Amino acid sequence: MAALTASNGAEHLELFSLVWLDNNLVEKRGTQEKLRAIINYLKKFHDIKSCQNYIEQRPKDDRIVLIVNGQLGRHLVLSVHNLQQVFSIYVYCMNKQDNEQWAHDFTKVKQVVTELDELISYIQADFKIQKKVSEPLTIMYSTTEVRGQFVFSQCLIDCLLRMEYEEEDKTELIALCMDEYIDNDSEKARIDEFKTSYLPCRAIWWYTRESFVYKTLNAALRKQSIHMMFLYRSFIFDLWKQLADHQSKIELTVYRSQLITKEELEILKGNVDQLISVNSFFSSSCNRDAALFLLGDTRLPIDSERVLFEIVADFRKVNTKPFANITMFSQFAQEEEVLFMLGSIFRIKKVIEPAEDKVWVIQLELCSDEENDLVDVLIEMKSQNGSGKTNLRTLGKLLLRMGKIDHAEYYYQLFLDRLSADALLRKNLYEDLAEVAGLKHHLDASVIWAKKAIEFDRAFRSTRNNQVVLISPTARWIQDGITIAGYHGIEEELNQLLQPEGLFVDDDGTAFIADSGNHRIVAWKEGDNVTGRLVAGGNGEGPRMDQLSRPTDVVLDKKDNSLIICDPGNRRVVRWSQQCGTTCGEIVLDNIKCCGLAIDDKGNIYVTDTEYHLVKRYEKGNKIGQLVAGGNGDGLDLNQLNSPNRVCVGKDGAVYVSEYDNHRVTKWLRGTNVGIVVAGGREDGVDLEHLSCPQGIAVDDKNTLYIADMANHRVIKWLSGARKGEIIAGGNGEGGNANQLTCPLGLSFNRHGDLYVSEWENNRVQLFYIHKIK
């Protein structure tokens, strides 16, 4: 796997660097160490041409402090003085008076000195003040021309803040910083301190401290170095959390001084009443004079524009990006500093031309995320990050939409390397890597990844019984269903169904349907909607082993290639082999009034008992079950069930039960004797916070539930932790139209995420295709 450059292609991780041009330099011992304590990266040159080429090739958002001698400096400064990346210049020479004459014409020349100690002292004093106003301010605008950057920067922040942090990432961050400061003993000591003693409650203290954290994080944010932002995401979250915990509760007017180019000023002037987003933590002061002081003597000419941002911040407009007075948490407690969260959004209210002080005043107003014409786009694009925690695949998907193909490939591959060999997501990542390879025109590699996805899927499904499906959190289904079984009258011909209940869809698209009213199980293959195939029962209602009585549910045991069937009319669960020539079933359990079935990867079956209001798990070949839900009589308490109908098992082994009379779905974790209400449960109702007589249920790999809400004639999707569900099929009143359902009882998904629903009243099975998003 190719490594990403944490510095985004730059030679170092900081914004500022020292460049020293001198063809006859005799250094005092310790000079480099003292300079690196101020600005870590130091590059020396002995000739003008190579030095000039290096400076000209630096990005514009770099900040170079240039040291030159008198002889070479007078030629180099003439060539590079107007470059944006040249921040300040110091002349270190033998003859101060002669060099001051030519240096006087260049505003960026701060000092002409003859002593090394004097040089270091000036650089240190100037840098301490000027770095605060000279760091490039990365602003995203919401105007039509650049609104993509505005939206995607917000989505990236959202994704990183919700991503779990791994120990490997902290190790990599520490290693990168150690390598950056390999010749800087004082900074290496701070890195060691951070490694061993950092606490989330001291995030602001570390950020305001004069250390590698502020220098490297700020550089990453301003340069949009994706990988460095990724490695710092836990620290960014800690800063967000501390700001949110201490959110200001009063309206504030604060100030920030800044040096910007004439071009940047013109852009700001042209965007009055528009929104801007700042791609870094935005520091400001409650003290206007203190902010102005950082701009220096405004009477002196400079080649930048002096700007004072005057910001009105109303705490009532804060929803996701807090701001707080951090004086009590900062290392510099004497500063009245207010810090705004990364990605904060402001509206430019007014640009006031400078008076005698030669300072432009730009009035900003803090805005909420909803105060822009892109709010719908922003909400939709953030929703593609899913709800709850994000992961490396989420990040890769986002980066691919941003056009950062190499970054997307890196994080897909990194996620793949971290997953276990049998993890469900491997198939998705193989498909993602196939897509990336295709976009990079690596066609052979694309085919190889696609083949891996198919092979993994086959191997995975051939050994797995549990129907945990992989579905995107943002998936949508086509609202007009297609009838794939039944709806040809209500007799017992093989092209007909009568009161179908549970169903199970195999990997090849075969739907096994409990055709309850016809006392049989039939199989319908996708694409063959003319007739079904009899696979169990079908010899009339009765107790013989070649008969069934009102079967309610069916699952496929892939390891034995057999169907397991709820046969409640005969008070039994039966197994019916799918080997050719099988005409009878065999009893698995008897004397049980079962309704719903599930099977896990070990071949254990889960059976709902509507007579005793419980669910038991049965190991293969064992008729003594283990209680996993209910068992305390019927009722509403969390240790009870009331008419447990259907059951499914999550990837973590949790058992989900739909309760017909409690109008809810409960989740039962392994080893617990009480359930958790995860959907409905507040009495029956028609709104999206309620269910009415829920029946078939399924769960995906993100613990999202899919519920056949029978009496409401709809299928509901209920995200993990959500207070209400959303309709994904039906919900248009009862009826037989393509967009309607009537008393849906069973549901199942195929491997593509297409939804199958059986309808008791319409005597059919409907297929709702998942939207194929390109």
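How many salt bridges does the rule count here? The count comes to 38, with a salt bridge taken as a side-chain nitrogen of Lys or Arg within 4 Å of a carboxyl oxygen of Asp or Glu. This is a predicted model, so local features need pLDDT of at least 70 and side-chain atom pairs pLDDT 80 or more, while totals for chains, interfaces and linings use all residues. Residues are numbered from 1 along each chain as its sequence is written, and side-chain values use heavy atoms, with hydrogens and water left out.

**View A. Domain 1 against domain 2.** The chain splits into domain 1 (1–134), domain 2 (139–376) and domain 3 (388–463), with bounds from an automatic or database domain assignment. Domain 1 puts 25 residues into its contact with domain 2, which supplies 29; contact here means heavy atoms within 4.5 Å. About 2,500 Å² is buried between the two, and carbon and sulfur atoms give 52% of that. Buried area is the accessible area (1.4 Å probe) lost on putting two parts together, summed over both.

View B. The rule finds two salt bridges between domain 1 and domain 2. Asp62 and Lys223 form a salt bridge through their side chains, at 2.9 Å from N to O. On the domain 1 side, helix α5 (residues 116–134) gives the most, with five residues; helices are DSSP runs of H or I, at least four residues, and strands are E runs of at least two.

**View C. An aromatic pair, Phe16 and Phe87.** The structure holds 28 aromatic pairs, meaning rings of Phe, Tyr or Trp (its six-membered ring) with centres within 6.5 Å; planes under 30 degrees apart are stacked, over 60 edge-to-face, and the rest tilted. Phe16 and Phe87 have ring centres 5.3 Å apart and planes at 65°, so they go down as edge-to-face. Phe16 sits in strand β1 (residues 16–21) and Phe87 in strand β4 (residues 86–92), 71 residues apart.

**View D. A salt bridge within a helix.** Lys269 and Glu266 meet side chain to side chain at 3.2 Å, N to O. They are three residues apart in helix α13 (residues 262–269), which means about one helical turn between them.
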